[in-house]
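Hello,

Here is the structure I promised to pass on.

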Amino acid sequence: MSGKLAAYETEHMEKLRKIAPECMVLLKNDGSFPLGEPGRIALYGNGARNTLKSGTGSGDVNVRHFTTIEEGLENAGFVITNKVWMDHYQEEREKAKKKFVEDIKFQSEKKKIPAFFAAMGAIMPEPEYDIPLDGEGDTAIYVLSRVSGEGSDRKVIPGDFLLTDTEVKDILTLERKYKKFMLVLNVGGVVDLSPVKDIKNILLLSQPGMTVGDSLADAILGKAYPSGKLATTWSAWEDYCSIGEFGQLDDTRYKEGIYVGYRYFDSVDKEPLFPFGYGLGYTDFEIKNVHVLVEEKNVKVSAVVHNIGRYPGKEVVQLYVSVPEGKLKQPWQTLAAFKKTEELQPGESKEYVVEFSMDELASYDTESASNIIEAGDYVLRIGNSSRNVEICGIVRLAENVLLKELKHLEGETDFEDWEPEVKRQECLEEKCFDIFVIEKEKFTKETTGELPEMEPDIYDLLKDLTDEQLAYLCLGNFRMGSESESIIGNAGSYVMGAAGESCDRFVKNGIPVMVMADGPAGLRLSKTCGRDEQGIYSLESSLDPFLMEFLSEEMRIAMGAKNEQGIERKGKPFYQYCSAIPTGTALAQSWNTEAAEICADIVGNEMERFGIQLWLAPALNIHRNVLCGRNFEYFSEDPLLSGKIAAAITKGVQSNPGCGVTLKHFACNNQETNRVRSNSMVNERALRDIYLKGFEIAVRESQPHSIMTSYNLLNGEHTSHRRDLNVVVLRKEWRFKGLVMSDWVISGVSFGEQKKYPVACASGSIKAGNDVFMPGSERDYQDLLDALRNPEHKYHITRENLLECASHVVRLARILKGEK
Ligand code: BGC
């Protein structure tokens with residue numbers, strides 16, 4: 001490791017090392033692990049040395065160093081007996097990589113796309129090879145890794161979603177050869193494990209951040225224990241719902257409606273390989289003495305969790321509800337509440353309460369455009385996975401409740417949502433459960449709010465600005481000339497490696513600048529920078545080394561590592577070392593909101609340290625399809641788990657003064673294929689109950705300072721261009737008070753041949769109450785001026801539009817500066 005760690009780095013690393021095992025899910029366990037003490041071990045697989053702490057793209061973090069699994073095991077005192085295998089594999093990998101890079105460059109020229117974009121998220125095919133499995137000893141680990149990232153979706157091919165022949169052959173051979181064998185999955189998303197499902201020990205390590213290698217060693221040795229649960233259903237490719245479309249270039253129809261993830265598997269009663277909410281530990285738990293208590297419309301279920309095994313551990317109490325069908329069809333069950341226990345010692349038991357309000361079970365009725373709770377029996381199911389639950393009570397609602405009148409969202413689809421033909425049946429009569437009746441009177445009809453008046457002090461700051469000056473405030477800060485500085489997520493000029501910033505032209509007028517840096521797996525900044533008489537600049541090594549191969553000369557200059565003459569700058573170096581926390585999916589797998597809050601507090605601390613006001617995270621798009629290239633950044637297939645983790649992260653970051661989060665990508669950004677111009681076609685019910693739900697939970701519970709709209713269109717219009725989403729839903733329905741920004745739309749860059757839809761634009765966004773168009777460019781500024789001056793402009797805007805958006809910029813900038 002290079003250099004001595006600063007105190008904050010050590011402190012953060014220690015915390016993260018403890019949290020990482022919470023995110024690991026033990027899928028299979030025959031009792032051979034933990035090992036108890038280090039010894040001789042054979043270590044195979046593509047992730048042994050090339051371990052991944054996260055995926056690629058804006059969701060990656062530039063750490064000083066992170067421990068690979070090879071290092072982690074050696075740090076813990078293991079002696080690796082097959083270094084020859086590892087070296088040999090490395091040679092095979094280098095050969096494959098060379099060919100891969102050549103292919104990308106060739107394809108990018110052919111398709112006329114900048115090589116950098118063609119390379120973003122591209123996945124190198126895993127080579128096939130035949131290297132003797134000759135590591136000594138009776139214990140072996142095989143680390144299977146898979147990477148993905150922004151810009152590309154995953155594919156159902158060997159080396160990506162599927163295992164290669166070599167991987168299957170080696171894993172099965174090792175299982176027979178070694179007395180103790182564990183398959184470790186260092187992956188960001190699901191892989192089809194069906195060919196190796198009989199392996200007796202499988203650990204989903206995931207990509208849990210910078211201590212990945214050390215944390216795995218801790219778990220293997222029993223110094224820590226995996227206590228995560230799946231946040232998404234794991235199954236064979238053929239088992240997933242194939243009703244909806246995925247990855248279409250222009251229109252992608254979400255025909256499966258609300259039947260996403262376990263809602264599909266459970267409703268059609270299909271057994272997945274590993275269900276949602278599932279995860280073993282080294283120990284076993286029993287959930288007993290379950291009692292239901294209903295107060296007003298709040299349902300509380302208490303249960304005693306008893307550690308009946310030989311090791312300490314943590315369990316997750318999960319409460320699901322089967323909502324009765326009336327006018328609306330419902331999935332078999334829905335997660336309604338959960339609670340992770342503290343560490344329980346062998347023999348120890350403790351009581352926990354999980355609770356929810358019946359309001360939270362409301363569904364959207366498209367016909368009446370309202371949220372309703374229908375009369376009938378609500379079956380409560382408690383357990384430790386979606387497939388291991390027992391009925392613990394019934395809540396009976398005698399009459400229908402109209403909870404909230406809403407407005408239809410704009411746009412249309414050309415299909416009706418799929419519904420299962422045969423309803424899964426269950427015979428409740430024979431069994432005897434407590435029934436709790438809730439009267440309709442217990443519910444209060446919610447109202448939609450009105451927009452608050454502009455605060456007088458903000459109006460005073462804005463009233464004398466010209467329209468042109470207001471237009472600048474509604475754009476990200478940009479320098480005249482090249483747009484390429486924005487291309488590499490490196491548009492910031494105040495903090496190197498920051499993704500962007502708000503307008504800095506009116507700092508003297510009392511409007512501070514906000515610097516924004518990416519996430520979600522930590523704070524993404526350049527780690528090594530320089531300072532010379534021209535200012536500060538990033539050093540090239542801050543970028544993903546793989547992507548470096550594809551940078552054009554212009555981009556290198558724009559990054560600042562070279563001056564205009566192409567000469568390396570040689571200023572005084574300085575460092576911005578940030579901590580990589582577990583990826584979004586890994587954090588969700590912890591099912592632990594306190595752990596998520598601690599990780600977020602680490603990020604907040606580093607934001608303060610390096611002068612970042614807005615973190616471009618958490619990302620809470622739904623795992624709609626296991627092939628989405630950015631799933632590792634996102635939490636889960638379930639909106640409740642997503643919303644609760646996002647709310648915890650928001651609290652953790654925003655507990656640090658001057659720091660805010662940016663929930664992203666609002667909404668239905670569930671694929672990377674043609675990501676800036678693809679149209680997600682979603683019917684209102686699924687939109688409200690699945691895709692907006694997590695955002696709503698996070699907004700209501702934690703008031704995030706900012707939200708980022710998504711690149712995609714939704715039912716025919718870009719989300720940033722939709723006033724119904726940005727103003728009506730966000731501000732009036734959910735009472736969001738912060739800033740709405742666009743995703744990073746680089747309007748001047750060609751993405752290959754023209755597709756059906758254009759990219760989003762500044763005028764369309766500002767007109768729709770998307771307050772800031774990011775990262776901002778001269779072209780966007782001209783677009784705003786045209787839209788102001790020309791009443792025929794497609795997105796004609798007025799001074800009021802600019803004032804509305806600018807006021808949100810000013811309000812937040814002043815709050816984060818501590819001036820409000
Ligand atoms: C990504 C966002 C990210 C932004 C800034 C975009 O390409 O979609 O998630 O925050 O870049 O780097």
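Let me start at Gly-611, which comes after helix H14 and has a positive phi, near 80°. (Helices are DSSP runs of H or I with at least four residues, strands are E runs of at least two, and both are numbered from the N terminus.) Please keep in mind that this is a predicted model, where local features need pLDDT of at least 70, side-chain atom pairs count only at pLDDT 80 or more, and totals for chains, interfaces and linings use all residues. Residues are numbered from 1 along each chain as its sequence is written, and side-chain values use heavy atoms, with hydrogens and water left out.

At the other end of H14, its start, a side-chain oxygen of Asn-592 comes within 3.0 Å of the backbone nitrogen of Glu-594. Buried residues of the helix (under 20% relative accessible area, 1.4 Å probe, protein chains only) include Ala-595, Cys-599, Val-603 and Phe-610. The buried residues of H14 pack against several elements, among them helix H1 (7-23), helix H15 (639-654) and strand E25 (660-666), where contact means heavy atoms within 4.5 Å.

Now to the ligand. Ligand oxygen atoms lie 2.7 Å from a polar side-chain atom of Arg-630, 2.8 Å from a side-chain N or O of His-665 and 2.9 Å from one of Lys-664.

Best wishes

Technical notes
Polar contact = N/O pair within 3.5 Å; in protein donor to acceptor, adjacent residues only side chain to side chain. Buried < 20%, exposed > 50% of the residue type's maximum accessible area, 1.4 Å probe, protein only.
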